[in-house]
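Q: I'd like to learn how to read strands and cores in a model like this one. Can we go through it together?

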Amino acid sequence: MKHKLGIIVPYRNRKSQLVEFKKSIKEYITGIDYEIIIVEQLDDNDFNRGKLLNIGFLKAEKLGCDYVVFHDIDMLPIDVDYSYSDTVLHLIKELKTPKGFTRDNFDEYFGGVTLFPSSVFKKINGYTNEYWGWGFED
């Protein structure tokens, strides 16, 4: 079976990081059928990453994606396998962040860049839409 990946990126007000992310991911991923889905929050409310990811997932389904990677815009691939997996995976353990930006990564951390088979994401009914603010929603 041929698989199709949806790369879902929640986004707001980080134009330079968006440009760098798109360039980096397109240069990195080869040999995989994929769609990049940028889901932008336009209002001034606190960021709602979970809701944006859920919206992106619905778009990925419409595009025929059978697995998705939820990808923070500030985490660029160094040594990552975006191939299909039938289990949920935390993909980025080694970080390359945009210039001037730092991010902690620790053993218990699960987030930032995660892969889900679409069937599993449906079973858990997605992320909560009720978590507003940045951090620990995943």
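Q: Which way do β4 and β5 pair, and over how many bridges?
A: Two strands count as paired if DSSP finds at least two bridges between them. Here β4 (residues 89-90) and β5 pair in the antiparallel sense over two bridges, and H90 has T114 as its bridge partner in β5. Strands are DSSP runs of E, at least two residues, and helices are runs of H or I, at least four, numbered from the N terminus. This is a predicted model: local features need pLDDT of at least 70, side-chain atom pairs count only at pLDDT 80 or more, and totals for chains, interfaces and linings use all residues. Residues are numbered from 1 along each chain as its sequence is written, and side-chain values use heavy atoms, with hydrogens and water left out.

Q: What does β3 do with β5?
A: Strand β3 (residues 67-71) pairs with β5 in the antiparallel sense, over five bridges. V69 is bridged to L115 of β5.

Q: Why is β5 largely enclosed?
A: Buried means under 20% relative accessible area, exposed over 50%, partly exposed in between (1.4 Å probe, protein chains only). Five of the five residues of β5 (residues 113-117) are buried, so the rest of the structure largely encloses this strand.

Q: Which way do its side chains point?
A: In a regular strand, side chains alternate between the two faces of the sheet. In β5, V113, L115 and P117 point one way, T114 and F116 the other.

Q: Which residues have the most contacts inside the largest nonpolar core?
A: A nonpolar core is a set of buried Ala, Val, Leu, Ile, Met, Phe, Trp, Tyr and Cys residues joined through side-chain atoms within 4.5 Å. The largest has 19 residues, and L5, I7, F21, V69, Y82 and L91 have the most contacts inside it.
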